[in-house]
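Here's a friendly walk through this model, taken one step at a time. Have a look at it first, and then we'll go through it together.

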Amino acid sequence: MQNVERFKMKKFAADAGTLFNRAVQFTEEKLGSAEKTELDAHFENLLQRADKTKLWTERVLRQTEAVLQPNPNIRMEDFFYEKLDKKKRDRNNHQEQLGNAMVDAGNDYGPGTSYGNALVKSGQTQIQIGNTEREFTQATVNNFLQPLKSFLEGDMKTIQKEKKILEVKRLDLDASKNRLRKAKSTASQQQPNSTTNTLTLVEDDVIARAEADLRVAQAEFDRQAEITKLLLEGVSSAHAHHLRCLNDFIEAQTTYYAQCLKYMQDLQRQLGSSSEGESS
């Protein structure tokens, strides 16, 4: 039991020391008194592209949601029900509400009257448009919004996580480099004489341990850099997938507007025929 406790204490002390070294390295970098390992230009470009992809995917997602549902309160409410895995409540959209109001008004006035008949026909068309809007919304959610959300909540979160780990490994690497430089600098300042033989042995040991730590830190950094790079390169595939999703969205939007135009043109012809019938 004592050995376990002793091990835990040693591990705690080691972890605390590592965190302290990272904090010192980070602070000295900000003050400009410590060197920082720079990533190559290709890696930096990959990082920038990933950041842009995250930014613009989030923005396009939000604005598309706003187009489908301009009311932010309803958007949040729908999201809430979706997260609880409950069936979405039936709710007529604005076109359907307008259509129902027109049909009710026309029936109340009397569908046999000119105005009542026009209201009923107009209301039925508005309901048709509302149904088409519902289909367009569902297609957009399934084929455009959900893939973008999945990317942000899956691949992009993984990239962000691995980027943070890479930064931690980079701080550890540079802290190790800094300790080795200091150990070598201290050793070089020692004056060789008979009384410093023991000190020289100690300094050599410090340098050896610092070099070993640096090798480990370099290996861990290189491994994490490779993992992160592979994930960043995968953003190209995400762009290709999002392009296909965008084409699906545009196709659904085109179908929606074309169908709405057809409904309205049919309504115009019906209302025009009614007017001509009354004139004659």
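Let's start with a term: a charge sits over a ring if NZ of Lys or CZ of Arg is within 6 Å of the ring centre and within 35 degrees of the ring normal. Arg59 does this with Trp56, its charged end lying over the ring at 4.6 Å from the centre. Keep in mind that this is a predicted model, where local features need pLDDT of at least 70, side-chain atom pairs count only at pLDDT 80 or more, and totals for chains, interfaces and linings use all residues. Residues are numbered from 1 along each chain as its sequence is written, and side-chain values use heavy atoms, with hydrogens and water left out.

Now for the rings. Two rings of Phe, Tyr or Trp (its six-membered ring) pair if their centres lie within 6.5 Å; planes under 30 degrees apart count as stacked, over 60 as edge-to-face and the rest as tilted. There are 5 aromatic pairs in the structure. Take Phe136 and Tyr256: their ring centres are 4.9 Å apart and their planes are at 5 degrees, so this pair is stacked. Phe136 belongs to helix α5 and Tyr256 to helix α7, so to speak 120 residues apart in the chain. Helices here (H or I, at least four residues) are DSSP runs, numbered from the N terminus. With Phe144, Phe249 and Tyr257, these two residues form one aromatic cluster.

How buried are the two partners? Buried means under 20% relative accessible area (1.4 Å probe, protein chains only). Phe136 counts as buried at 8% relative accessibility, and Tyr256 does too, at 13%.

Technical notes. Helices (H or I, at least four residues) and strands (E, at least two) are DSSP runs, numbered from the N terminus. Buried means under 20% relative accessible area, exposed over 50%, partly exposed in between (1.4 Å probe, protein chains only).
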